[in-house]
Amino acid sequence: MSTVLLLAFPVSVFFMAVSGQTDWQGFVFGYVISAITLRIGQAQNLNIKLRQAPRQVLFLLLYSLQLAWDIFYSSVQVVRIVFTPDIDKAIDPGVLKITTQDPTNNEIVTAISSHGITITPGQLVLDITEENGETVMHVHNLNVEASRPTIEQDQERRLQIIKRILGYDG
């Protein structure tokens, strides 16, 4: 529990920076929410340790930068599609099934993965199911044929970073 209380301090400072609530109420609110979240993480058997925190924060920053790039790149692609004179030929909507590629089928990994997909323009996770012992995300794509070649590779890259953020992978 002391690790949670100690780690809640930098997380609450991060909350203040992101939310713009730089007064003492913002700090207290961020600290309480951080402590609760970290405690729930410990209850979920996440690898929350003080000595790994700087490394995990670094991977969280890298994930955020990668996600920002994916959002920017996808936004440009969607704008190109929308402004195509013959839009019927530019889009090919449909649903693809992709696995989380997580052998532990961890719900937190699945939630973060589905968030990363859904926040990216042109894609949306519609459903999450379990098939043959694997967690499968049903992803609606604005252009299935354009997404098909890279969607599994994108998930593999996303999973590697998420596992490092959560302290699962060395």
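The legends below describe close-up views of a predicted model.

Residues are numbered from 1 along each chain as its sequence is written, and side-chain values use heavy atoms, without hydrogens or water. Local features need pLDDT of at least 70 and side-chain atom pairs count only at pLDDT 80 or more, while totals for chains, interfaces and linings use all residues.

**View A. Salt bridge between Arg157 and Asp70.** The closest N and O atoms of Arg157 and Asp70 are 3.5 Å apart; a salt bridge is a side-chain nitrogen of Lys or Arg within 4 Å of a carboxyl oxygen of Asp or Glu. Arg157 belongs to helix α7 (residues 151-165) and Asp70 to helix α3 (residues 53-82), so that the pair links distant parts of the chain, 87 residues apart. Helices (H or I, at least four residues) and strands (E, at least two) are DSSP runs, numbered from the N terminus. Asp70 is buried at 16% relative accessible area, and Arg157 is partly exposed at 26%. Here buried means under 20% relative accessible area, exposed over 50%, and partly exposed in between (1.4 Å probe, protein chains only). The whole structure has 5 salt bridges.

View B. Lys89 meets Asp86 at an N to O distance of 3.7 Å. Lys89 is exposed, with 71% relative accessible area, whereas Asp86 is partly exposed at 35%. In the other pair, Glu131 and Lys97 have their closest N and O atoms 3.4 Å apart. This pair ties together parts that are 34 residues apart in sequence, because Glu131 lies in strand β2 (residues 123-131) and Lys97 in strand β1 (residues 94-99). Glu131 is partly exposed, at 28% relative accessible area. Elsewhere, salt bridges with shared partners join Asp70, Asp154 and Arg157 into one network.

View C. Strand β2 runs antiparallel to strand β3 (residues 134-141), and 8 bridges join them; two strands pair if DSSP finds at least two bridges between them. Ile128 has Met137 in β3 as its bridge partner. The hairpin has 2 residues between its strands, and Asn132 in the turn has a positive phi of about 55°.

View D. The search finds 1 cavity of 30 Å³ or more, and the largest cavity holds about 60 Å³ of space. On a 1 Å grid over the protein atoms alone, a cavity is a set of points where a 1.4 Å probe fits but cannot get out; a pocket is an open set with protein on both sides within 12 Å along at least five of seven lines, and lining residues have an atom within 4 Å of a point. Among the residues lining the largest cavity are Asp70 and Arg157, together with Tyr63, Gly116 and Ile161. Helix α3 gives the largest share of this lining, 4 residues.

**View E. The second largest pocket.** This pocket has a volume of about 590 Å³, taken as the space filled by probe spheres set on grid points joined across faces, edges and corners. It is lined by 24 residues, with Tyr73, Ser74, Gln77, Gln123 and Ser147 nearest its centre. Helix α3 contributes the most to the lining, 9 residues, and α3, α6 (144-147) and α7 each supply at least two.
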